[in-house]
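Please view the sequence and structure before reading on.

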Amino acid sequence: MPEIHEDVVNVKLAEILSRDFGIDARAERVMGRRRPDIKCYYKGFIIVIEASYNKRDAEWDAENRIEQGLADIALALWIRQRFRDVPEAELMEAIRRATYSLKVFVPRDLKETLLHYLEGATLRRVEPATEWFEDVDLPMIKTMIEFSISFLVREEQVRRLIEEMRARFSDFTNALSNFDRTHAIRRNLYSILYRLYGLSVAEARDPDVAFGHAALSILLSTVFYEHVRGIHPELRPVEEHVARLGPIEGLKRALEDLLRIDYRTAVRLAVEILNILPPDIARRVGELIDLGVRIASNRSLLRRDFAGRVYHEITGDIALRKGLATYYTEVPASYLLATLAVSSLLGLDEASPFSLGRERAREVIGRIRSVKVGDFACGSGTLLTASYAALMRSATMLKFYHNLDDVDLDSLGKILIEEGIYGIDALRYASQITAINLALMGPGTIERENVYTIYLGYIAGWGQAWLGSLELLRDSGRVGGVLAYIEGGAAGVADRIMLGGDEGEFSIPTRLDMLIMNPPFTRATGRARGFEEEAAGGRGLFGFIIQEGERERILKAYRSVRDHIRDELRGIARGAAGSLPKVIRHIVENEPEELRQYLSIGQAGEGLLFLYLAYEYVRDGGVIAFVLPRSLLAGPSWFLARALLASKFHVKYVIVSSDPERGYNFSEGTSLSETLIVAKRVEGHDEGEETVFVNLLQKPSTALEAMMLAEEVMRRGALNGPDLIRAGEGLALVYKVKRRELLDNIDNWNRFVAMPDTELLESVLRLLEDGELPYAGVRAPMTWLNELIWGMGIDRHQFQDHFMPTGSRGPYPILHGGEEGARMRMLVSHNAYARPRSGRAGSIFADYSARILVPDRDTAHVIALYSREPLLSNIFYAIRLRVSDDVREMAEKAFVLWLNTTWGLLTILVSRGETRGRWTQLKMGQWRLLRVLDVASLSPDILRRLAEVFDKYAERAPRRIPEQFDPSNPDPIRLGMDRDFIKAINPSVDDEALERGLMELYRHVNTVFRVWIGGPGSEPAEE
């Protein structure tokens, strides 16, 4: 009986892997070694299986695929059994039952540690001499693939090197600090790093920052020198210079040799730093050089943006420890954002790269070749390098899977860096790091780049305030104003960073395909003091500028730009008003005084201005991707940004973190809650548009893990209904929202990610829409709070402006301070008095004091408070209901009771604004747009029953709110209040059914709190 050719076996293997093991596998019926035998795409990884009757052929082909850079993992599969020509069903069963020999290939530098990892994970031993696993069946092949991916996403090699670098940097900074008793070296370093750029950076005068940047410059210039030496044979290894002259003089000689070729932007800074270092720390410099040489020898490491990660790990770590206003996008967040953005731009998030036809795949690669990507606040360039990696990975997948052998990936990578990537930053030092990082990631020799600095500060000689990248908004021709200064000879105002020098014309496209940014978030505030005081107390204007004399001029220019953008955004919102809910349309069209904060952007800070800048520069069909404060989703001052996104873009992805362990942020050096957003500019809208909201219950910890999570989000985000996705250590809850829902909730998009329990979330959204109380079987009338009240006030700033708390009796009773004792029961009384601080105090108290008090931030045991006498407070807003006097007291008590029921609490939780993880706030405008029980429409009988329930529980103190919902031991006050509230609304409700419903409700709420604040049971079960 004749043998079956191995190509046929490959086809059947691919079918089995796809059908039985869930691996997207395709076999090639091509003889010879030009193409892989079996191509797989699994969890975002490119996997090659080279299966052959010939063991050496399988091994050679698999190793070659890794060397070509066409696969993440390659498996050599030796088909030891010669399969016979039998009926297909019999052949398939024989292939399933067979055992094979398997050898796993990854980049060389990872191979040894991978084998050890696989041995431990699978309890299988590899043959020491050959590195083959013997007697492997098909389920074990799937297991080997799973564990190989798990190994790669852990990035242990990167972690170990980062730890070693931290130790080396610490040794360097400690040695230099001990020597620099007079701070002379620190002053000189500060001068070298920043004096030429017109900036006074308070953080840089901290010794850890200044010395850390010096160490980083030495390390990266060593890496860059060794990288360039590969294409300049006349350059000698840096180690030879060090052996002859010592570490400091040896590295300086090597870099001077490089300067004679040019490359002065890349290394000139390091030479200046070396010139001021004392010989006493030569040993520590030598350790940095040794580490740099080792890193440079690892090409696969550099292609994974290792140099950029070094910058972020070291500088971000210092900023975090020191509490400095220096934020960098976390590497995993950068790759998550960039992968989703690039896939959205190329249409690969809606159509798998492997579902495309061959010619369509070639068109997408052509688009990658011509793409223009920009970051106008590029910092060290991590978002740009992550975008480059995502673009190149997409091209590699398409070339690999569609057999596009004529596509030259090295040429494509070179074109991308030299012609397709644009970066701007206010700091020359950061721009230089960006240029070096891109060069180290790119293939071969990079001859030019498009990385620029634009001055941020006041140019005394020109009498002009310059706003960095925001200058691009101050001229109708966008770049025209900047170019005019260049042509006029304002050197240093806007410069091009080039590896071969820093001269060059400032030129960026008028439209880009993709803009990706983590812009400054700060508002235009901040002051700083003298040299020694700045690191301790001063942040400076925009986090940089500390000269008092420049502040007003720069602020004037900034406010001019901000006010122009506000007016433009208001116009955009008015144009979209017809598609918005009635109450929002009223705000946009009529600008009511009590809700004007929704039409102001002052509190949003610079981030919103950069978002508008991206809108101006992205072409139709292009994509913007941002790291922004989570306030974007719910903050009143960010409302106009949401209106911009909803009207001019298809919002594709919104990502937040609910991970209490790894943080609610996406930037190193901050504890602020942040969001990632990807949006595609469109000329018109399709009502079928959907937005994928991603709530990270556990953030990915590595770049590869983030890319794997992005692939899973795109693949499974296309499915209907909510989904729980795991990728390595990353865990995400994915929830899709139709465009109509997005518009209906434009006052607060945080609702869609407010709860890590989609069943409960959907129930609460129905409550807001039609009053159906979750798990209670009862409906209640709902309305906007703004339509139920005629007065609300005052906030803490107004209180401070007009009232002065006093220990003695004064004219105005108040509830002052946030002590827990004042927030334990629904019924309260004043705990202090106030005297007038201004002449308006009397009229303000008369107009705004009330018996209902609602909080402006987190509270402990109850939400809303009720006082028998009108009060004002510095942390509670006083509310007056629009109801008739004959039912006022009953309505007020019913209203306070509602807010303290579980259903009232849930409406507040989904409408909250998050600032720092579980620390939340509801500003006055957010309260006004809260959906609440419409007590004005309830009958007097229902109001009376609700008031009686309030009186029953008014002076009883429940447990702290997160501790009230344990279904095995619910707080008796919580249970009684909820049960009696429902019975007051509907006395005929079935008691047993209500009890079961409440226990189910508490189970969901308890899970939400456990996830939100951490603790036992904080991870929802996977389905």
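## Strands 9 and 10

Asp 425 stands opposite Thr 453, a residue of strand 10. Strand 9 (residues 421-425) and strand 10 run parallel and are joined by four bridges. Strands and helices here are DSSP runs (E, at least two residues, for strands; H or I, at least four, for helices), numbered from the N terminus. Two strands count as paired if DSSP finds at least two bridges between them.

Strand 10 covers residues 450-454; five of its five residues are buried, so the rest of the structure largely encloses this strand. Buried means under 20% relative accessible area, exposed over 50%, and partly exposed in between, with a 1.4 Å probe and protein chains only. Asn 450, Tyr 452 and Ile 454 lie on one side of strand 10, Val 451 and Thr 453 on the other, and both faces are covered.

## Model and confidence

This is a predicted model, in which local features need pLDDT of at least 70 and side-chain atom pairs count only at pLDDT 80 or more, while totals for chains, interfaces and linings use all residues. Residues are numbered from 1 along each chain as its sequence is written, and side-chain values use heavy atoms, with hydrogens and water left out.

The chain has a mean pLDDT (the predictor's confidence in each residue, from 0 to 100) of 85, and 86% of its residues reach 70 or more. Over residues 476-491 pLDDT stays under 50, and the model has 26 contacts (heavy atoms within 4.5 Å) for them beyond four places in sequence. Residues 1015-1023 also have pLDDT below 50, with 16 contacts in the model beyond near neighbours in sequence. Where pLDDT is low, the predicted coordinates should not be read in detail.

Six strands form an open sheet in the order 1-2-3-4-5-6, with mixed pairing. Strand 1 (24-27) and strand 6 (133-136) are at the edges with a single partner strand each, so one side of each has no neighbour in the sheet.

Strand 3 (residues 45-52) and strand 4 (residues 73-78) run parallel, joined by six bridges. Ile 47 has Ile 73 of strand 4 as its bridge partner. Helix 1 (residues 6-21) packs on the sheet and touches strand 1, strand 2 (38-42), strand 3, strand 4 and strand 5 (100-105).

## Helices 16 and 18

Helix 16 (residues 358-370) and helix 18 (residues 409-420) have axes that come within 8 Å and cross at roughly 40°. Axes are lines fitted to C-alpha atoms, for helices over the stretch in contact, and angles run from 0 to 180 degrees between N-to-C directions. Helix 16 contributes Ile 365, Ile 368 and Arg 369 to the contact, and helix 18 contributes Ser 411, Leu 412, Ile 415 and Leu 416.
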